[in-house]
Amino acid sequence: MENDEQRRRVVEAGLKALFLTDKFCRTNWDENMRIDVLASRENSTVFRMVAPEQWGNNYRKMHGGAYGAVADCLTSVAGLAARMQPSVSVALTLNYGSAADIGDTIFMECRVERSTRTLLFMSFKFYVVENGKERVLVSGNHTKHYITAQLPGDGTKTWTKLLTNPSGDDHTNTNAKDEARPAMASKL
């Protein structure tokens with residue numbers, strides 16, 4: 001891709017497509033949640049989100065399993081900046097270091113470490129910033145396998161439309177079925 005702004009737009013479009021086409025994402029994110037793409041460079045993308053109430057554990061900390069779900073989704077779309085091709089997980093590892101309180105602003109940095117003809121190797125870290133310093137919450141690695149399979153329903157059409165026109169305006173209503181999907185896709 002030509003520049004960082006174009007990469008950021010592609011990642012944002014990929015995030016919208018993920019929320020429109022992926023059943024897990026449609027059911028586990030609601031209209032009050034927001035994920036921002038802060039920057040996307042050649043091998044690195046940074047996201048920001050607020051730890052949501054519904055992902056809290058009994059101690060009012062973000063549940064450990066939620067980090068895995070978010071890492072899977074966000075590394076998938078960050079990988080689009082490296083190569084605009086869908087992929088599936090081969091391995092996902094998480095190393096826990098600290099916990100975020102519900103309501104904390106969490107940053108996630110995804111890095112493409114290596115890309116081959118069939119595999120994408122990424123690293124990531126979740127962190128909060130306190131007094132100007134990063135406190136790492138979770139770090140890990142994600143290995144993805146590139147696929148050429150068609151997505152069910154209108155999924156492939158939605159992805160193709162968004163990725164070929166990442167700055168277009170009508171991303172959230174590709175057909176009548178989309179009207180039943182969460183309104184949060186338009187807030188991304």
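A residue is called buried under 20% relative accessible area, exposed over 50% and partly exposed in between (1.4 Å probe, protein chains only). The structure is a predicted model, in which local features need pLDDT of at least 70, side-chain atom pairs count only at pLDDT 80 or more, and totals for chains, interfaces and linings use all residues. Residues are numbered from 1 along each chain as its sequence is written, and side-chain values use heavy atoms, with hydrogens and water left out.

The mean pLDDT (the predictor's confidence in each residue, from 0 to 100) is 78 for the protein, and 69% of its residues reach 70 or more. Over residues 169–188 pLDDT stays under 50. Where pLDDT is low, the predicted coordinates should not be read in detail.

Strand 5 is joined to strand 6 (residues 133–146) by 12 bridges, and the two run antiparallel. Ser 123 has Asn 141 in strand 6 as its bridge partner.

Tyr 127 lies in strand 5 (residues 119–130) and is buried, with a relative accessible area of 8%. Beyond four places in sequence, its contacts (heavy atoms within 4.5 Å) include Val 46, Ile 106, Phe 107 and Val 136. The C-alpha atoms of Tyr 127 and Val 138 are 7.1 Å apart, at a sequence separation of 11 residues.

How values were computed
Helix = DSSP H or I, 4+ residues; strand = E, 2+ residues; numbered from the N terminus. Pairing = 2+ DSSP bridges.
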